[in-house]
Amino acid sequence: MSKELKGKIVKGLGGLYETRCADGDDVTRIACRAKGTLKRGDEKLLIGDNVLITVDEDTPDGVVISELLPRKNALIRPPMANLDILFLVFSAKKPCPQLETVDKLTAIAEHNSIEPVIVITKTDLDAAYAEELYGVYSGAGFATFVTSSFDSIGLAELKAFVRERVRGGVTAAFAGASGVGKSTLLNALFPELALATGEISRKIERGKHTTRHVEIFEVGEGSSAGFLADTPGFSLIDFERFDFFEVEDLLPSFRDILPHASGCRYQDCAHVGESKEECAVARAADEGLIATSRLESYRSIYRVLKNKNKYE
Ligand SMILES: Nc1nc2c(ncn2[C@@H]2O[C@H](COP(=O)(O)OP(=O)(O)OP(=O)(O)O)[C@@H](O)[C@H]2O)c(=O)[nH]1
Ligand SMILES: [Mg+2]
Ligand SMILES: [Zn+2]
């Protein structure tokens, strides 16, 4: 006799997956491998995937992931599927935030209909800069939190947000560079997780890639639970190498620039020139309606996308 169960992949290590199967409030975890065809190409399984599991009681090792169910979205960084909310975590200091990387991530999230939420960590190390960053990102229209896991700053607000939004099957992840304090923050919010955290390299002020694998945790219980993942840090978001989206998709992925992008002198304005007379976006930035760093990121990504594949 064989039967089929629906489950969600919450963890995967060396080809062995942990899946979460729910029947109402009755939740079980099943460890299993995947059918051969699900290990290659586009079908390669990701944490967050919803799958069918075939349980064949008559054969040994008869529990296997047999089918990948349709995805809402899939990201390369972090490598996850079906995300609803992406918490973009970066520190005020140590390591210094790379704002262009943050802005690439907000754009990729928006393009995939994932809500970006900004979390600034280590405000204890540079409160003034953390405030400045808060201004940039809340001003751009993102839910933004300033935190310190060491001084318990902003934790109650962030926890309330997570409890309110990451529930009822919603999937979210903490993502950002290595060493910004993602795992430390998750531990501060949910001490029962007891995640491993690591030191920062003193010489180069970078993290040491302590978290090695994506893992989803449950927030809340039973059918009202939400899913929250800790993910390994990354530093580069390379638009040249990966096809995150096309140049036409860039403007709609910047919610703070899009509303200002009509009213330029030329209809095909790419909003990359400095002329305030010609470009309504340049004008808006000059009036302080768009943060300089956000517009710089926009322009830099535009150039990369525009030049891509040009000589192929
Ligand atoms: N000053 C200060 N240091 C912090 C804070 N939060 C974390 N740290 C330190 O930052 C370092 C890295 O923390 P982790 O939580 O391991 O960072 P991570 O983002 O999970 O890093 P990866 O797993 O490598 O991606 C550790 O030495 C932490 O003690 C904070 O609020 N303030
Ligand atoms: Mg970590
Ligand atoms: Zn323009």
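Mentor: The axes of helix α1 (residues 99-111) and helix α6 (residues 292-307) come within 9 Å and cross at roughly 75 degrees, where axes are lines fitted to C-alpha atoms, for helices over the stretch in contact, and angles run from 0 to 180 degrees between N-to-C directions. Before going on, note that this is a predicted model, in which local features need pLDDT of at least 70 and side-chain atom pairs count only at pLDDT 80 or more, while totals for chains, interfaces and linings use all residues. Residues are numbered from 1 along each chain as its sequence is written, and chains are lettered from A and ligands numbered from 1 in the order in which they are written. Helices (H or I, at least four residues) and strands (E, at least two) are DSSP runs, numbered from the N terminus.

On the α1 side the contact is made by L99, E100, D103, K104 and A107, and on the α6 side by S293, R294, S297, S300 and I301, two residues being in contact if their C-beta atoms, placed from the backbone, lie within 7 Å. By type, these residues divide into three nonpolar, three polar and four charged, where Ala, Val, Leu, Ile, Met, Phe, Trp, Tyr, Cys and Pro count as nonpolar, Asp, Glu, Lys and Arg as charged, and the others, Gly among them, as polar.

Consider next the loops on either side of α1. The loop between β8 and α1 holds P95, which is joined to K94 by a cis peptide bond with omega about 0 degrees. The loop between α1 and β9 (115-121) contains S113, whose phi is near 55 degrees, a positive value in a residue other than glycine. S113 counts as exposed because it has 10 C-beta neighbours inside 10 Å, the limit for exposed being 12 or fewer, with 20 or more for buried.

Leaving aside neighbours within four places in sequence, F87 is in contact with V117, V119, A172, A173, F174 and A175.
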